[in-house]
Amino acid sequence: MIPKFNAIVLSIAMTIISFNSTFSQDLDEKSDRFINRRYAFFDYRGSHAIDLAAGSAMVEGDYPESEFEVYFRVGYKHHITSHLNVNVTYNKYNVAIKDIYYEGFMSFDLNLELLLSPYTKFTPYLYVGGGYNASNYFKSTSTKAQGGLGFEFIIREGVGLKIFGEYNYMLTDEIDGRIEGEAEDILLRGGLGLNIYFGGNKKKEAIRRKMKTVINSNLIIPYN
């Protein structure tokens, strides 16, 4: 089960990289189209972002009556290209089994994220990565792999409202406090949040100067 899941995660990551590479190859950095699109990206977003979100988490494990519990996260994103960013997040959540079990957990996650339409206000996005999971006070720890998808809408320049869902494959069977069966536990998380972008104004100014240079270089000088 674990090798199969790791293969799926690797396949998704390679798809994201290939998708981004295709766009990079199609758009020459000196072309008008590339320059205009990069300007449009920084008109809405920035090179960096603070990731804030809150929602619910639920474990699928050895008990049938798992309950939704509180979940929140804070993180940082760095855009490698308009389509692709690398992000790290700190996640805090609780796991609850009705009348049986209640425990607090945290995870530190590293993701590769792809924006499908980064030049518009609204864009779907998907991400995949791995993480380090721990109970409160690090009494128990484990690794995990995760993937998710969501939608972002720019509500004002530099601020994106998002909704997302996330699937976490825990490389342990202990997260719900019970070890039984051959399958590892699965954690589902989802929520609503904000991406607060910064670092875009300087980029916009640099692109604006490049646009002027391109326009000036294309001027037709009449021959007298």
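Close-up 1. At 1% relative accessibility, K162 counts as buried (buried means under 20% relative accessible area, exposed over 50%, partly exposed in between, with a 1.4 Å probe and protein chains only). This is a predicted model, in which local features need pLDDT of at least 70 and side-chain atom pairs count only at pLDDT 80 or more, while totals for chains, interfaces and linings use all residues. Residues are numbered from 1 along each chain as its sequence is written, and side-chain values use heavy atoms, with hydrogens and water left out. D51 makes a salt bridge to K162, with the closest N and O atoms 2.5 Å apart (a salt bridge is a side-chain nitrogen of Lys or Arg within 4 Å of a carboxyl oxygen of Asp or Glu). Because D51 lies in strand β1 and K162 in strand β8, the pair ties together parts that are 111 residues apart in sequence (strands are DSSP runs of E, at least two residues, and helices are runs of H or I, at least four, numbered from the N terminus).

**Close-up 2. D51 again, now with R73.** The side chains of D51 and R73 meet in a salt bridge of 3.1 Å, N to O. Here strand β1 supplies D51 and strand β3 supplies R73, 22 residues apart. D51 is buried at a relative accessible area of 1%, and R73 is buried at 5%.

**Close-up 3. E152 meets R45.** The count for the structure comes to nine salt bridges, and one of them joins E152 and R45 at 2.8 Å, N to O. E152 sits in strand β7 (residues 141-156), and R45 in the loop between α2 (32-44) and β1, 107 residues apart. Both E152 and R45 are buried.

Close-up 4. A search of the whole structure finds five aromatic pairs (rings of Phe, Tyr and Trp, the last by its six-membered ring, pair if their centres lie within 6.5 Å; planes under 30 degrees apart count as stacked, over 60 as edge-to-face and the rest as tilted). Y90 and F108 form a tilted pair, 5.4 Å centre to centre with 50° between the planes. Y90 belongs to strand β4 and F108 to strand β5, 18 residues apart. Y90 is partly exposed at 28%, and F108 is partly exposed at 36%. Y93 and F105 are stacked, 5.7 Å centre to centre with 15° between the planes. Y93 is buried at 1%, and F105 is buried at 3%.

**Close-up 5. Inside the largest nonpolar core.** Of its 15 residues, V59, Y93, V95, F164, I175 and L187 touch the most other members (a nonpolar core is a set of buried Ala, Val, Leu, Ile, Met, Phe, Trp, Tyr and Cys residues joined through side-chain atoms within 4.5 Å). Elements giving two or more residues are β1, β4, β5 (101-115), β6 (122-135) and β8 (159-170). Not counting residues up to four places away in sequence, I175 touches V59, Y93, V95, Y101, F105, N133, M170 and D185 (contact means heavy atoms within 4.5 Å).

Close-up 6. I50, L52, V74, Y76, I80, V86, V88, L110, I196 and F198 make a nonpolar surface patch of about 760 Å² (patches are made of residues with over 30% relative accessible area and no salt bridge, like charges being joined within 9 Å and nonpolar side chains, Val, Leu, Ile, Met, Phe, Trp and Tyr, within 5 Å; accessible areas come from the Shrake-Rupley method with a 1.4 Å probe, and for residues only the protein chains shown count as cover). V74, in strand β3, is partly exposed at 37%.
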